[in-house]
There are 2 protein chains.
Amino acid sequence: MQGEPELCVLRLGHRPGRDDRMTTHVGLTARALGADRVLFPDNASQSVETVRDITERFGGPFEVEQSDAQRATIRNWEGLVVHLTMYGERIQDVEDDIRAVHAEEPMLVVVGGEKVPFEVYDHADWNVGVTNQPHSEVAGLAVFLDRLHDGRELDREWEGGDRRVVPTETGKQVVDPEEFEGDEE
Amino acid sequence: MQGEPELCVLRLGHRPGRDDRMTTHVGLTARALGADRVLFPDNASQSVETVRDITERFGGPFEVEQSDAQRATIRNWEGLVVHLTMYGERIQDVEDDIRAVHAEEPMLVVVGGEKVPFEVYDHADWNVGVTNQPHSEVAGLAVFLDRLHDGRELDREWEGGDRRVVPTETGKQVVDPEEFEGDEE
């Protein structure tokens, strides 16, 4: 988040068509829950477009990038690398240590699709399991980010965009950002 | 979770093909993060199969059911109904109240796909937003369940199944359940 060392989410691997929605949801979850940037594979152009479109409409800052050299990005990352995997150490055992290191260093969070190569497990500073059960890379990322930030990401403010959703008991309320900020005073 | 009032996740709406993976991930996330049961629409047979298969292999208890009368299930639920939506009240503002009611009553958590009918907003005891940003119903469900349980779901034990993943720093370790339980003593 702003004013803190960078937090970047890397979506490793993508099968166009089959993975489009999962990859998009990884990007949108990263944006909504306090990451600064998402790195998509170069064949995930549709997800890039969707996440950029949401950022334009609902605000940022949030960056979306594409790369054809994801493994090199992981190898050369200057800072902390965390790989989310159901085979990893239990998040409840390692989250405090990760939070402490990230207070000083940029962090790359690697979210794999199918068949993550062993070098990623080997290179990561932490392999972390949000449960050791098979579920969803999107769910794992969401719980990881919420715990990492101790919930602070839920209070972040957004810049730009042309709409804000106002929390409401029943129904839907969407307003202009200027109106929304007026309401808060 | 076991020994507590029932927690059931209802996946509302499903477009076969397009939604298969999202619906499956809703079910797997419900299972992994402490729900007792998932209710899928009657056209989501592929997701039913996948979640049942994972439960057979990795353990339970966890129930998977199909229904052609989801709106009636919501209307007639005897207990608390929570609907997750980006338009709802902020989770950080309502989670304590929801947790307190659920300590006494079964809870139905409704996770919508596209175009949730207004009657669902109207019938829910709480409409809850995990952020008021567009992201992922899987991510929202995951954060909701983790917060509801105060993280206790990460320590739950599994019965049955033919394998357990052992948390490990690097690589993958999968063992027979009897061996796993032996390790814990």
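In this predicted model, helices H1(A) and H2(A) cross in a right-handed sense, their axes coming within 9 Å of one another at an angle of roughly 35°. On the H1(A) side the residues that take part are Asp20(A), Thr23(A), Thr24(A), Gly27(A), Leu28(A) and Arg31(A), and these meet Gln46(A), Ser47(A), Thr50(A), Val51(A), Ile54(A), Thr55(A) and Phe58(A) of H2(A). Sorted by class, this contact is made up of seven polar, four nonpolar and two charged residues.

From here the reader can turn to the interface between the chains, where 52 residues of chain A are in contact with 52 residues of chain B. About 4,500 Å² is buried between chain A and chain B, and carbon and sulfur atoms contribute 61% of that area. Within chain A, the residues that lose the most area to chain B are Arg21(A), Tyr87(A) and Leu154(A), which together account for 15% of what that side buries.

Among the elements that give two or more residues to the side of chain A that touches chain B are helix H1 (20-32) and helix H2 (45-58), together with strand S4 (80-90) and helix H4 (91-102). That side of chain A comprises 22 nonpolar, 15 polar and 15 charged residues. Six salt bridges are found across the interface of chain A and chain B, and the side chains of Asp155(A) and Arg90(B) also meet in a salt bridge, with N to O at 3.4 Å.

Notes: Residues numbered from 1 in each chain as written. Chains lettered and ligands numbered in written order. Predicted model: local features only at pLDDT ≥ 70, side-chain atom pairs only at ≥ 80, totals over all residues. Heavy atoms only, no water. Contact = heavy atoms within 4.5 Å. Buried area = accessible area lost by both parts, 1.4 Å probe. Salt bridge = Lys/Arg side-chain N within 4 Å of Asp/Glu carboxyl O. Helix = DSSP H or I, 4+ residues; strand = E, 2+ residues; numbered from the N terminus. Nonpolar A, V, L, I, M, F, W, Y, C, P; charged D, E, K, R; others polar. Axes fitted to C-alpha atoms, helices over the stretch in contact; angles between N-to-C directions. Left-handed = near helix turned anticlockwise from the far one by under 90°.
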